[in-house]
Amino acid sequence: MNKSIHAHNFAEAGQKIFPCNPNGKEPITSNGFKDASSQTETIKIWWENYPEANIGLVTGVENNLLVIDVDNKDGVDGNGSLEELE
């Protein structure tokens, strides 16, 4: 999988992204998600420098994106909680 292509697709769609450690969620950039960009030149440089970086996607108002993370662990029924919320 070429992560650079996916990163550029997000940027071209106007989504602000940032590079994260490979196989992780921690941002590589010095200011973390605050460095997020949809500028194609910035994205190109990041993935040239870190070709194996995961893609971090800004959530909330900036990308008009709401995420609900449902976990089923430690005896907690996340699916049940989500059903109650719905």
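Mentor: A residue counts as buried when its relative accessible area is under 20%, as exposed when it is over 50%, and as partly exposed in between (1.4 Å probe, protein chains only). The structure above is a predicted model, in which local features need pLDDT of at least 70 and side-chain atom pairs count only at pLDDT 80 or more, while totals for chains, interfaces and linings use all residues. Residues are numbered from 1 along each chain as its sequence is written, and side-chain values use heavy atoms, with hydrogens and water left out.

Trainee: Is N64 buried or exposed?

Mentor: To place N64 first, look in the loop between β2 (54-57) and β3 (72-73), where N64 has a positive phi of about 50 degrees although it is not a glycine. Its relative accessibility is 71%, so N64 counts as exposed.

Trainee: In which loop does D74 lie?

Mentor: Most residues other than glycine have a negative phi. The phi of D74, however, is positive, near 55 degrees, in a residue other than glycine. D74 is also exposed, with a relative accessible area of 75%, and its place in the chain is the loop between β3 and β4 (76-77).

Trainee: What pattern does the chain follow along the sequence?

Mentor: Helices (H or I, at least four residues) and strands (E, at least two) are DSSP runs, numbered from the N terminus. Counted in this way, the chain has 3 helices and 4 strands. Read along the sequence, these follow the pattern α-β-α-β-β-β-α.

Trainee: What is the radius of gyration of the chain?

Mentor: This radius is taken over C-alpha atoms, and the globule rule is 2.2 Å times the number of residues to the power 0.38. For 86 residues the rule gives 12 Å, and the chain is well over that, so it is more spread out than a compact globule. The C-alpha atoms fill a box of roughly 45 × 25 × 25 Å along the principal axes, and the radius of gyration of the chain is 15 Å.

Trainee: Which residues form an aromatic pair?

Mentor: Rings of Phe, Tyr and Trp (its six-membered ring) pair if their centres lie within 6.5 Å, and planes under 30 degrees apart count as stacked, over 60 as edge-to-face and the rest as tilted. The count by this rule is 1 aromatic pair, which is edge-to-face, with 6.3 Å centre to centre and 65 degrees between the planes. One partner is buried at 12% relative accessibility, the other is buried at 3%, and in that order they are W46 and W47.
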